Amino acid sequence: MADQIRDPSRTNRIDTAIGLVIEDQRTAERRQVIYADARVVLLRDESGGTTLVRRDSFDAELGTRYRPRPGAEPPSDAGQYDRLREHLAAYEGKEGRKAKHKADALREALDLLAEPSGGDADSGDADDGDSGTDTDPEVDFEAVPGIGPKTAGKLRTAGYVTESDVRGAADDALLAVAGLGPESLANLRDFVA
């Protein structure tokens, strides 16, 4: 019994699934799960903003802080996001230029799905390159010296997506990601500073 991670007294388990609509009891905001894996859950709020939550914390508070909204409409992109993530992981595992280009294209598609209102072109002024003024910008890991596409994918999979994710992470946690060494960690810290 001591090996169990979940509290056995909780009999009403709710599965974390893409498309699940919840209400945050602390903020009274309605949110939708738009991505979930073994480490993180990505939530989209009503204004289109996204929040990355550690999976273990989310699962522990699902049913208490995060209450499901029965009968709420699931997002139309729910299954697409998960399928694109699976394809991205497959291409990141392959070698070659073609696989890299396909992985880059899938990453762009995932970014569009994560944007508010499905990535409307009219929402920005000029170019797509500099839209991080009011949100936490994603880290372009591939632009950091010493970090290649495979390590970049592993960092994202481990839950390090935005600049604040990297800034808030301990050095030991980042170094635990396969492919990231002390020198590339120093470069990454400089990159997000």
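Visitor: How many salt bridges are there by the rule, and what is that rule?

Guide: A salt bridge is counted where a side-chain nitrogen of Lys or Arg lies within 4 Å of a carboxyl oxygen of Asp or Glu, and by this rule the count comes to 13. This is a predicted model, in which local features need pLDDT of at least 70 and side-chain atom pairs count only at pLDDT 80 or more, while totals for chains, interfaces and linings use all residues. Residues are numbered from 1 along each chain as its sequence is written, and side-chain values use heavy atoms, with hydrogens and water left out.

Visitor: Why is the pair of Asp 59 and Arg 55 called a salt bridge?

Guide: The N to O distance between their side chains is 2.9 Å, and because the rule asks for a distance within 4 Å, the pair qualifies. Asp 59 and Arg 55 are four residues apart in helix α1 (residues 55-61), so about one helical turn separates them; a helix here is a DSSP run of H or I with at least four residues, numbered from the N terminus. Both Asp 59 and Arg 55 are buried, a word kept for residues under 20% relative accessible area, whereas exposed means over 50% and partly exposed lies in between (1.4 Å probe, protein chains only).

Visitor: What makes Glu 95 exposed?

Guide: Glu 95 has a relative accessible area of 62%, which is over 50%, and therefore counts as exposed. Its salt-bridge partner is Lys 150, at 2.3 Å from N to O. The two are 55 residues apart, with Lys 150 in helix α4 (residues 149-157) and Glu 95 in the loop between α2 (78-92) and α3 (97-114). Lys 150, at 39% relative accessibility, is partly exposed.

Visitor: Which parts does the pair of Asp 171 and Arg 189 tie together?

Guide: Their side chains meet in a salt bridge of 2.7 Å, N to O. Asp 171 lies in helix α6 (residues 171-175) and Arg 189 in helix α7 (residues 182-192), so the pair ties together parts that are 18 residues apart in sequence. Asp 171, at 40%, is partly exposed, and Arg 189, at 24%, is partly exposed as well.

Visitor: How confident is the predictor in the chain?

Guide: On pLDDT, the predictor's confidence in each residue from 0 to 100, the chain has a mean of 76, and 74% of its residues reach 70 or more. Confidence is lowest in α2, at a mean of 69, and highest in α7, at 93. Where pLDDT is low, the predicted coordinates should not be read in detail.
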